[in-house]
Structures are given as C-alpha cells and as structure tokens.
Amino acid sequence: MPSGAHSIVWVSLDTVSAPHLALYGGRADTPNLAALAAGGRLYTRAYTHFVETAISHWTMLSGVLPEVHGNVPGNGGSLYQGPTAAEIARSNGYATGAFIGGITLEKGASGLDRGFDVYDDEGVRERETRPAAEVVARARTWWQAQSGPAFAFVHLFDAHFPYTPADPRRYDPDYTGTFDGTDRTLHGHRDAGTPLPARDLEHVRALYEAEITELDVTLAPLFAMAGADTVVVVTADHGESFGHGYFFNHRASLHDETLHVPLVVRAPGLASGRDDRYAGLIDVLPTVLRLAGLGTTAPLMGKDLSEPGADVIYALTDPWMAPQLFAVRSTGAKGIWAPDGSATGYDLVADPAELAPVAIAAQLAAAKQRYRSTVDALAPHMAAAPAGPGRGVDPETAAQLNALGYTVPPPPAPR
Ligand SMILES: [Zn+2]
C-alpha cells in the first residue's frame, strides 16, 4: 500500500438538501456536521448531477457522469468499464466496507457492491430502510476490527420520504392540522399532485428537517470513530423538493432544493475554511484520492477540490435518461432545458429561489454544447452495454423500488 495513505470514511446522507441545514442557513439543526466543518472544508456550492439515488451514487463513487458509467437500477452495475472508489482503494491495499441504509442501493438492484470486501445491506430488501443508528453501529463494528488502512462508505436513508422523526410534535408544536409526513395524508399531494395549504406544507417541511436534525445526532459516533488521521467526507446524492409545483420527491425537479447538496471534507493536511467555488459530485472522488494519498489511472471527470482553482461554468445534470432535463450554471446564472429544447433562465443573485424566469445567459448555452464533447471524449471508457440485461433485479424488488418512486427502467440500448 502507498506510504502515508490515510483511511477514508465517506458518508452519503440520502435526500438531504443543503439549503435546509443550519450549516447552509436553513432550519435543520446540525451541530455535529458543523463541528466537522469547523475542523475541515465546507463547500458551499456543491451540486448533484442526477436527482435519483442509484445513478447519483454511481457518479459519486466512480467520478464520471451518468452517461459515462451507464448504470441504472436494474442493470446491476455491470456496465461501467472504469474502476469505482472501492476498487481503487482495494487495489491500494485498503479493507473496503459499505453500510447501506435503503433499498435503492441494495446490491442486486444497484451493483454498487463492486470492490467492497463487505457490502452490508442486510435486511434492506425486506424492510426498505434501516435506521441510521443501526447502519452506523454496523460500520463502527467493522471499522474497529480493521488493522490497516480502511475505506468505509456509509449510506444513511432516514431523510428520504416518508418524513417520520422519532418525536414529530417537538419540531412544530403549534401545528393543529391533520397532515403528517407519510403517504397516509400526503397521497395525492406528492410529486406534481395537489399543493398543500401553506401552513400544512410548512409542517411537512418541518418534519423533513426534523429527520435531518435527528440524523445529525447519529453522525457523532461515526466522526469519533474516524479520528484525526482519517479523510472524512459527508455529502448527499440529491435534495428534496417542497415547491415549484413538485413536492416531497426529487427525481423530476432541477431546482436548487433538489440539486444543492452538502459537502464537508476533513482531512490531514487540508486547511479549514469555506470554499464558494462550484463543485459537483464528480469532484469528490479525485479530492478523496488526493487527500488519502492514493493514485489512480481511472478516467475521472472532476477536479481535485483540495487544490485552489478558478470557478468554472458547470454543466450540472446529465440528460441521459428520461425525462432528459438538463441544467447548467455559472456564477449568478442558471438555465434549465426541457426535453423539447425549451429553456428557462434564472438570475441566482437577484432571485435565488428561482421564482422569476429570465432569458438564458449566452455562456450557459455554450456550456450546454460543451457537455457533449466532454462526454464523447470518454467514450473508450463508457459503459459497454451487453446484449442482454445485466444481473438484473427481481420483480419483487422492482415493485418495491417503483413504490418508492424509483422507476426501474429496461436496460439501456447499446450505444
Ligand atoms: Zn437518494
């Protein structure tokens, strides 16, 4: 193994939207995440490239955009030709363990077990989710049994719908309405359904934020486990939508509530502070490898965020899968393109809530065109689609995923 290599703890807070965290000016109280950020680097403008769990995690852990890795729920992660974070770590002599909180990353459905010595998703198929405290306890037990460098990936699913904090009345005690954070009352209001009255919507949002507050408590033993010599990363696969005519879900919205994710990195040798440059989930893997002291020949698309660099125009989302929405931003400007080619611009300085559409800034249209050449440059590494489906997912798991809103598509056509 490389001399000076550091162990890695990489935490993904599924469905946690940065604007809701106190650390980012929101209302969810996150003191443990704030303490980690105080000793590390807080990235204030980090965004996902795809608003769906398995595809986004594949991008996070491979360092390439969805169109390049080619993996969707149901093909079992069998397409991408390049290495994953776990495969890189294992080839460098690390013990590798993943601890999974939700069915969307179940190994048969996602194929994310590639490169992990241990991929602990026990029970998620039957229960759909495991509480964060249980997942963290499993990770700690495994971590403490390792004697050399280790890479632990920890996936915590608690903030995902339904919003059921342990003590729901604690967070919005004045509410007298009848809505809760479950499908029992929100059925018909979810996705592009009927909007809730403002006070009821406020209550449901408070329940979501309560889940994040309770999730933060479970992070303390994880950070204590890691120790000062370990690279610790906390981020999310996507956020959650509470507006723009789309509610309590994420996979059909490209507004910042679903795109803006937390990103905190603490590592030996990384100066603490905040970094306001645009960052994407493709940037996390090159950053982690650099900070851990690991090299790779993998075709990574992102940049090393531990190094200074100029801000760039960012093609944020990958339009590969339906509904083929696409979003691009540069400082102060954002554009969202619909599948029919129509586009909506926003002035993020004057209108950070994206309520008043404006014309598309010229540099954004140019960035959209560059997306194609960037992806095509990686064609030699792109997913080689097999003649038939990959390992696939059984009909029962597919039905569970569909019930959660994760449509399991047919395998992609050869490209
Ligand atoms: Zn997710």
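Me: Which elements do the buried residues of α11 pack against?

Reply: First the terms: helices (H or I, at least four residues) and strands (E, at least two) are DSSP runs, numbered from the N terminus. Two residues are in contact if their C-beta atoms, placed from the backbone, lie within 7 Å. A residue is buried if 20 or more other C-beta atoms lie within 10 Å of its own, exposed if 12 or fewer, and partly exposed in between, with C-beta atoms placed from the backbone. Here the buried residues of α11 pack against β1, α2 (53–62), α4 (85–91), β6 and β9. The model is a predicted one, in which local features need pLDDT of at least 70 and side-chain atom pairs count only at pLDDT 80 or more, while totals for chains, interfaces and linings use all residues. Residues are numbered from 1 along each chain as its sequence is written.

Me: Which residues of α11 are buried?

Reply: They are Val284, Leu285, Pro286, Thr287, Val288, Leu289, Leu291 and Ala292. Because 8 of the 9 residues of α11 (residues 284–292) are buried, the helix is largely enclosed by the rest of the structure. Just after α11, glycine 293 has a positive phi of about 90°.

Me: Which residues touch the most other members of the largest nonpolar core?

Reply: In soluble globular proteins, nonpolar side chains tend to be buried together. A nonpolar core is a set of buried Ala, Val, Leu, Ile, Met, Phe, Trp, Tyr and Cys residues joined through C-beta atoms within 7 Å. The largest one here has 112 residues, and Val11, Ala152, Val154, Val233 and Val288 touch the most other members. Helix α9 (residues 198–226) gives the most to this core, with 9 residues. Leaving out residues up to four places away in sequence, valine 154 touches Val9, Val11, Phe99, Val135, Val136, Ala139 and Leu222.

Me: Where do the buried residues of α1 fall, seen down the helix axis?

Reply: An α-helix has 3.6 residues a turn, so residues three or four places apart point the same way. In α1 the buried residues are Leu33, Leu36 and Ala37. They fall within an arc of 100° (the arc of the directions from the helix axis to the C-beta atoms), so they line one face of the helix. Their cover includes β2 (41–47), α9, β6 (231–235) and β9 (260–266).

Me: At roughly what angle do the axes of α1 and α9 cross?

Reply: Axes are lines fitted to C-alpha atoms, for helices over the stretch in contact, and angles run from 0 to 180 degrees between N-to-C directions. The axes of α1 and α9 come within 7 Å and cross at roughly 45°. Angles under 35 degrees count as roughly parallel, over 145 as roughly antiparallel, 65 to 115 as roughly perpendicular and the rest as oblique. The pair α1 and α9 is therefore oblique. Pro31, Asn32, Leu33 and Leu36 of α1 meet Asp216, Val217, Leu219, Ala220 and Phe223 of α9. By class, this contact has 7 nonpolar, 1 polar and 1 charged residues. For these classes, Ala, Val, Leu, Ile, Met, Phe, Trp, Tyr, Cys and Pro count as nonpolar, Asp, Glu, Lys and Arg as charged, and the others, Gly among them, as polar.

Me: How do the axes of α7 and α9 cross?

Reply: The axes of α7 (residues 132–144) and α9 come within 9 Å and cross at roughly 5°. These two helices are therefore roughly parallel to each other. On the α7 side the contact is made by Ala132, Ala133, Val136, Ala139, Arg140 and Trp143, and on the α9 side by Leu215, Thr218, Pro221, Leu222 and Met225. The residues of this contact divide into 9 nonpolar, 1 polar and 1 charged.

Me: What is phi of threonine 15, and what is phi of histidine 244?

Reply: Most residues other than glycine have a negative phi, and most peptide bonds are trans. Threonine 15 has a positive phi, near 70°, and sits in the loop between β1 (8–13) and α1 (31–38). Phi of histidine 244 is also positive, near 55°, in the loop between β7 (241–243) and β8 (246–249).

Me: Is each of these two residues buried or partly exposed?

Reply: Threonine 15 counts as buried because it has 27 C-beta neighbours inside 10 Å. Histidine 244 has 16 other C-beta atoms within 10 Å, so it is partly exposed.

Me: Which residues does the cis peptide bond join?

Reply: The cis bond joins phenylalanine 161 and proline 162, with omega about 0°. Proline 162 is in the loop between β5 (150–156) and α8 (183–186).
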